[in-house]
Amino acid sequence: MVHATRRQLITLLGGAAAAWPLSARAQQGERVRRVGVLMPLAADDPEGQVRLQALAQGLQQFGWTIGRNVRLETRWSAGNADDTRKYAAELAALAPDIILANGTPAVAPLLQVTRTVPIVFVVVADPVGSGFVDSLARPGGNATGFFVFEFGISGKWLELLKQIAPDVTRAAIIRDAGASSGIGQWAAIQSVAPSLGVEVIPVNVRDAGEIDRAFATFARSSNVGMVVTGSALAVVHRKLLVSLAARHKLPAVYWDRAPVVDGGLISYGPDLIDQFRRAAEYVDRILKGEKPADLPVQAPTKYELVINLKSAKTLGLEVPATLLARADEVIE
């Protein structure tokens with residue numbers, strides 16, 4: 001059911017996306033508001049399109065229609081740090097009414113170029129530690145939004161790996177070492193590893209070549225598994241990570257459902273699409289005059305456990321009945 005809905009969203013978006021960049025057709029006398037959007041994905045990534053569609057649907061509930069009274073200026077950086085900085089400056093220069101920023105790598109450069117344009121962020125791991133806001137309750141500056149999870153959740157990924165693949169004794173932890181969230185997630189995983197009897201090895205995800213080389217090294221050992229922690233780079237490289245896990249027959253736990261839809265084994269994490277829907281409320285409130293400084297940063301409200309049974313079968317894994325009972329979505 002969820003599958004079909006996401007496919008429908010992508011199909012819907014196919015028509016809508018073409019129309020968005022066109023000059024907004026406002027009804028006579030109605031002011032068209034401009035919303036900048038900075039995305040870390042590639043423009044043709046279906047996951048990015050579904051996220052945008054969720055934002056558009058959320059805005060519609062508050063009376064904002066893309067192409068009528070609101071216009072989206074979207075930039076796609078495909079995980080490239082230089083492009084992210086370039087597009088952040090470009091969007092700030094357009095002086096939009098508000099900017100929606102997807103992920104930590106998008107927020108940092110935006111705050112370097114503007115302290116006046118309101119910013120609503122989504123999928124950010126540690127907004128206080130990253131210096132984006134003064135506190136969750138009172139952000140204090142020109143940014144607010146939705147954080148993605150407490151670092152403690154990272155320990156659960158290793159527990160899940162051990163539950164679904166009990167023979168695993170070594171786990172490669174895929175992380176973005178350049179982000180504070182990569183360090184925080186790694187620390188949480190390290191703290192539970194001894195009690196689970198698993199040796200953990202950090203693997204950085206700066207580029208595809210680095211991932212390839214790391215896999216070639218650690219996949220030679222036996223009883224190896226993998227945990228993919230949350231980062232923009234992990235989303236950008238998710239198809240590569242899933243295909244390498246399949247090729248080397250590695251059980252892998254992911255922080256988001258998108259890689260599991262692409263053939264990964266299992267994921268546990270917040271519903272990221274829901275964050276875009278919820279962000280629409282903050283965009284609406286700011287467009288109507290409220291200040292980001294006064295809007296508290298919100299936590300996720302929905303977490304989901306997604307299991308791909310086909311992948312489990314390919315790996316020769318028997319998924320425990322207790323895990324299946326807890327799953328929010330099972331892909332057959």
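**Contacts, strands, helices and rings**

Colleague: Which residues is Thr-229 in contact with, leaving aside its neighbours within four places in sequence?

Modeller: This is a predicted model, in which local features need pLDDT of at least 70 and side-chain atom pairs count only at pLDDT 80 or more, while totals for chains, interfaces and linings use all residues. Residues are numbered from 1 along each chain as its sequence is written, and side-chain values use heavy atoms, with hydrogens and water left out. Contact means heavy atoms within 4.5 Å. With those neighbours set aside, Thr-229 is in contact with Trp-157, Ile-173, Ile-174, Arg-175, Gln-185, Ile-189, Ala-234 and Trp-255.

Colleague: Is Thr-229 buried or exposed?

Modeller: Thr-229 lies in the loop between strand S8 (224–228) and helix H8 (232–236); helices (H or I, at least four residues) and strands (E, at least two) are DSSP runs, numbered from the N terminus. Buried means under 20% relative accessible area, exposed over 50% and partly exposed in between, with a 1.4 Å probe and protein chains only. Because its relative accessibility is 1%, Thr-229 counts as buried.

Colleague: Which backbone oxygen does the side chain of Thr-229 reach?

Modeller: A polar contact is a pair of N or O atoms within 3.5 Å; within protein, one must be able to donate a hydrogen and the other to accept it, and residues adjacent in sequence count only if both atoms are side-chain atoms. At 2.7 Å, the side chain of Thr-229 reaches the backbone oxygen of Ile-174.

Colleague: With which side chain does the side chain of Arg-75 make a polar contact?

Modeller: Arg-75 is in strand S2, and because its relative accessibility is 16%, it counts as buried. Not counting residues up to four places away in sequence, Arg-75 touches Val-37, Leu-38, Met-39, Tyr-87, Glu-90, Leu-91 and Leu-94. The polar contact, at 2.6 Å, is with Glu-90.

Colleague: Which residue caps the N-terminal end of H3?

Modeller: The cap brings a side-chain oxygen to 2.9 Å from the backbone nitrogen of Asp-82. The capping residue is Asn-80.

Colleague: Why is S3 described as largely enclosed by the rest of the structure?

Modeller: In a regular strand the side chains alternate between the two faces of the sheet. Ile-98, Leu-100 and Asn-102 point one way from S3, Ile-99 and Ala-101 the other way, and all are buried. S3 is largely enclosed because its buried residues number five of the five.

Colleague: Which residue of S4 is the bridge partner of Leu-100?

Modeller: Two strands pair if DSSP finds at least two bridges between them. S1 and S3 run parallel and are joined by four bridges, and S3 and S4 also pair in the parallel sense, over four bridges. In S4, the partner of Leu-100 is Val-120.

Colleague: How are the rings of Phe-121 and Phe-132 arranged: stacked, edge-to-face or tilted?

Modeller: Rings of Phe, Tyr and Trp (its six-membered ring) pair if their centres lie within 6.5 Å; planes under 30 degrees apart count as stacked, over 60 as edge-to-face and the rest as tilted. By this rule there are six aromatic pairs. With ring centres 6.5 Å apart and planes at 55°, Phe-121 and Phe-132 are therefore tilted.
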